[in-house]
Amino acid sequence: APDIPVSAVKADLDQLQSIADANGGNRAHGQPGYKASVDYLKGKLDEAGFTTQVQEFDHNGTKGYNLVADWPGGDESKTVMSGAHLDSVDEGPGINDNGSGSAGILEVALAVAKADLKPAKHLRFGWWGAEEYGMVGSQHYVSSLADADRAKFDSYLNFDMIGSPNPGYFVYDDDPRLEKVFKDWYATKNIATEIETEGDGRSDHASFKDAGIPVGGLFSGADYKKTAEQAKNWGGTEGEPFDACYHQSCDTVKNIDEKALDTNTDAIAHAVWELSS
Ligand code: PHE
Ligand code: CA
Ligand code: ZN
Ligand code: ZN
Ligand code: ZN
């Protein structure tokens, strides 16, 4: 897999920050900054040759949107999907939560296009609305699939917070095969990983897991505090949260650890390449 330039991921985060700044400071479900975020990503994906769809749903009388992008080709009966929620909370611009995962999978998708990848399995990417209201968009997507289509997923990989400023390196342990793809890659980089426990069931992978689809993913930590042992392994500040700006107005472009963002985006690329080959 290619090395994804972190500069490109950061440029996307700058765009999402600008969108929030121009729209009342957030990119939340039902707010104009959310739809502007969808439009920004869709423009890049369309230009790169993806087939995109905006799926509308209604939540509490407010219109929400999922963005789904298919890379043409590959065996659709074995679809490898990567996803991230694109909405923020009302309180802030949501750059680590979850501009980071959204921009990370966007740049991996664009790298697929740039490489003109011809994977054996089909590749799909998704950006979910209204995760912060209880995984509403991803639930809607999974429930909208026919049973026969739900059976076509090889895997679903979820990325919700991958650039936390005091980062940890957590790998979802829901499925051993998917867990191993990530763990082995971090081992080659001499980066210690731990099993993800803070977020169990708290992000969009739950929608897929509940439907019987194998799920995996990465997480760099939210409001749990880094232990002394974790600080020894990963650096950063013991006794401080992984993300002290979690769900706050200070979750801006300053609230990102560039090395974590870089490493985790490269890990996503590795998994997408390996799982689809
Ligand atoms: N889903 C949580 C949120 O968006 C964050 C989270 C993700 C927590 C993954 C744990 C694991 O606020
Ligand atoms: Ca990189
Ligand atoms: Zn609803
Ligand atoms: Zn959140
Ligand atoms: Zn989140």
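Modeller: Two strands pair if DSSP finds at least two bridges between them. This is a predicted model.

Colleague: What makes strand 3 and strand 4 a pair?

Modeller: The cut-off is at least two bridges. Strand 3 (residues 75-85) and strand 4 have eight bridges. So they count as paired. The sense is parallel. Valine 80 stands opposite leucine 123 in strand 4. The chain gets from strand 3 to strand 4 through helix 3 (residues 95-114), in a right-handed β-α-β crossover.

Colleague: How do you know that strand 3 pairs with strand 5?

Modeller: By the cut-off of at least two bridges. Five bridges join strand 3 to strand 5 (residues 153-159), so these strands pair. They run parallel. Serine 82 faces leucine 157 in strand 5.

Colleague: Why is arginine 124 called buried?

Modeller: Arginine 124 has 22 C-beta neighbours inside 10 Å. Buried means 20 or more. Therefore arginine 124 counts as buried. Arginine 124 is in strand 4 (residues 121-128).

Colleague: What does arginine 124 touch, leaving out residues up to four places away in sequence?

Modeller: Val68, Ala69, Asp70, Thr79 and Met81.

Colleague: What kinds of residue make up the shell around ligand 1?

Modeller: Six charged, three nonpolar and two polar. The residues around ligand 1 include Asp97, Glu131, Glu132, Asp160 and Arg202. Asp, Glu and Arg count as charged, so these belong to that group.

Colleague: What does UniProt place at residues 66-271?

Modeller: The unreviewed entry gives "domain: Peptidase M28" there. Over residues 66-271 the chain is 35% helix and 20% strand.

Terms used: Residues are numbered from 1 along each chain as its sequence is written. Chains are lettered from A and ligands numbered from 1 in the order in which they are written. This is a predicted model: local features need pLDDT of at least 70, side-chain atom pairs count only at pLDDT 80 or more; totals for chains, interfaces and linings use all residues. A residue is near a molecule or strand if its C-beta atom, placed from the backbone, lies within 6 Å of it. Helices (H or I, at least four residues) and strands (E, at least two) are DSSP runs, numbered from the N terminus. A residue is buried if 20 or more other C-beta atoms lie within 10 Å of its own, exposed if 12 or fewer, and partly exposed in between; C-beta atoms are placed from the backbone. Two residues are in contact if their C-beta atoms, placed from the backbone, lie within 7 Å. UniProt positions are given in the numbering used here, feature names are shortened, and annotations may be inferred rather than shown by experiment. A crossover is right-handed if, with the strands pointing away from the viewer, the path from the first strand over the helix to the second runs clockwise.
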